[in-house]
Amino acid sequence: MSRFKIIFSGPAGAGKSAAIAAISDVTPVNALADADAADRNRASATNVGMEHGTTLLSDGSTLHLYGTTGEEPLEAARDTLMAGSTGLVLLIDGSREDPLADLVQFVGTFERFIAGTGLAIGVTHADRAGSLPLKEMAELLQQSGFGTVPVFEVDARDRRDVSMLIEALLNLNDPVAQP
Amino acid sequence: MSRRREVRICHGGMEEAEVRRFEQFLRHVTGFECLLAEEPEAEVAVIDTDGDLGSYLVRAHRMLYPARPIIHVSAQGSLGRDALSVWARKPVDPAAFGEALARALAAATPAGSSDSLVRGRQRRPSALARDRNAERIANLYVGSMTDIDVRDAAQRERASYHPGNYLQGFFESARQFAGENGTVTALMHRQERILTLSADGLRVTTSLDRRSLRSLGLIPLAKQDFRIVSGTPDPDHVWQPASPLLWELALWASRGRIPAGVPFDVPVHLLRWPNLTRLGLTPDAIRIAALWSGHPTSLVLSARTLQLPQRNVFAFFSACRALGLVRLKAATEQAPEVPPTAPAPGSAGRGLFNRILAKLPGLHDGTEHR
């Protein structure tokens, strides 16, 4: 059976694990160790390294959902992870000190990959942030040559929110396809 | 002892406390077992038409549910002159209400109630699988207008609306007033403040419940009844972001049409994606947004390319335009339009797309703003 994958990335605590868990049919597996103490106060179940979940599609093929901070020690490892992926869902914690700087950093990390696939941005933790810089992020991406990227406020635990990010990502790749 | 007939009833124009009293009252209605129901499920609507907004509530309800009988509860008489309007004079006792209910049910057509939502609409096979909630939301946001031939001026007129005649336009004027004067601004209906905008126009409070707000948003308003004034913050209500309200006001006013003067054949470019997780989601919004973000396409060609009813495209455009998210390409930028092409059927990308979307939870049918 075929295997497909979507990559989730973003800073620690942005909600990658929660987003994957919201979509995955199985409890996601955390590949590496717990986050360091500094990050632990941001999310009780924050992990660094790679997370993995799966969901079974109607024809029996599997959609793999990978979460990564983009900090793989070897660039080759990241390339392996990205190979054949459908696109990147980037989750940015809107309550951090400078969400725009986080966006720039992560988009830079995945720039080559994004160019060949697609990108959707979910901005999380609106409850702690007050207001979210959705417009500023969209404009920054536009000015940086990434085009009109979907930037949504999301609750990473909410299956509907995460699904919408994925749907936007898929439609960007192929807007004419019939759902 | 004969069993009382069950009737599902929805209400309009009542304050929260009145609704509670109404619910108590319904338990004693002569001859009927009355159940307070959600609007789409109701067989009969009961609207208190004595309030300032009574006529709007009745007209909006009639627009959404043309085959549903409405009981006008009023001390002054019925606002409706059609066969489906029944008057119950205040103060109403359980026996009189039972009689009014019997008359209302007798007036209803056999195919009445919530089924009227979809009457006359062109239905695609996929729509048959939609749940009732999706039908209701699609009807609220995009209406039921059939596709038009844009070469026909009369049909173009039918597919256009003037935002300034609707609450959308009053809201936009109030926001402009706030911006120009740098003051908190109130939109008044006669003596009642219905909306308050912050000085920067980014936040809003309203004294209206959602149903009343929607009723006002759906139908053209009498301009002489409304005015915009400098105000003070409304201490009884909490500030909310203005964009979600304006988005919905545009959808309610549009109902599948576009603002008058907007050309149907000029490519539309999406400047930014609407924050669709926090706005009322119209049918096919994501597909349309994706198309316009990568390939500016005119309204008519968008509908054709994506194989959608025009009303879905028109409604989404109208809401995006209200928030300043779209731009029409200038004549100097235009090249002859070439429709984006679909991948070959059965291609790997398309197959994956379909399979993943089939797994995602119900995003294609529209979701009401939460």
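Predicted model: local features only at pLDDT ≥ 70, side-chain atom pairs only at ≥ 80, totals over all residues.
Residues are numbered from 1 along each chain as its sequence is written, chains are lettered from A and ligands numbered from 1 in the order in which they are written, and side-chain values use heavy atoms, with hydrogens and water left out.

When I say strand, I mean a DSSP run of E with at least two residues, and a helix is a run of H or I with at least four, numbered from the N terminus. Two strands pair if DSSP finds at least two bridges between them. β8(B) and β9(B) make a hairpin with five residues between them, and in the turn G201(B) has a positive phi of about 75 degrees.

β9(B) also pairs with β11 (residues 240–241) of chain B, again antiparallel, over two bridges. There, R203(B) has P241(B) as its bridge partner. For a charge to sit over a ring, NZ of Lys or CZ of Arg has to be within 6 Å of the ring centre and within 35 degrees of the ring normal. R68(B) does this too, with its charged end over the ring of Y65(B), 4.0 Å from the centre.

Now for the parallel sheet. What is the strand order in the open sheet of five strands in chain B? Reading across, you get β2-β1-β3-β4-β5, with parallel pairing. β2 (32–36) and β5 (85–89) are the edge strands, each pairing on one side only. Neighbouring strands are turned by 30 degrees against each other on average, direction ignored; the axes here are lines fitted to C-alpha atoms, for helices over the stretch in contact, with angles running from 0 to 180 degrees between N-to-C directions. Inside the sheet, β3 (residues 44–48) and β4 (residues 70–74) of chain B pair over four bridges, and D48(B) has V73(B) as its partner in β4(B).

Next, rings. How many aromatic pairs are there over all chains? Eleven, counting rings of Phe, Tyr and Trp (its six-membered ring) with centres within 6.5 Å, where planes under 30 degrees apart are stacked, over 60 edge-to-face and the rest tilted. One of them is F152(A) with W273(B): the centres are 5.9 Å apart and the planes at 65 degrees, so that's edge-to-face. This pair crosses between chains, from β7 (residues 151–153) of chain A to the loop between β13 (268–270) and α9 (285–294) of chain B. F152(A) is buried at 0% relative accessibility, where buried means under 20% relative accessible area, exposed over 50% and partly exposed in between (1.4 Å probe, protein chains only). W273(B) is buried as well, at 4%.

Then there's F170(B) with F226(B), centres 5.0 Å apart and planes at 45 degrees, so tilted. F170(B) is in helix α6 (residues 167–181) and F226(B) in strand β10 (residues 226–230), both of chain B, so the pair ties together parts 56 residues apart in sequence. Ring pairs also link W247(B), W292(B), F316(B) and F317(B) into a cluster.
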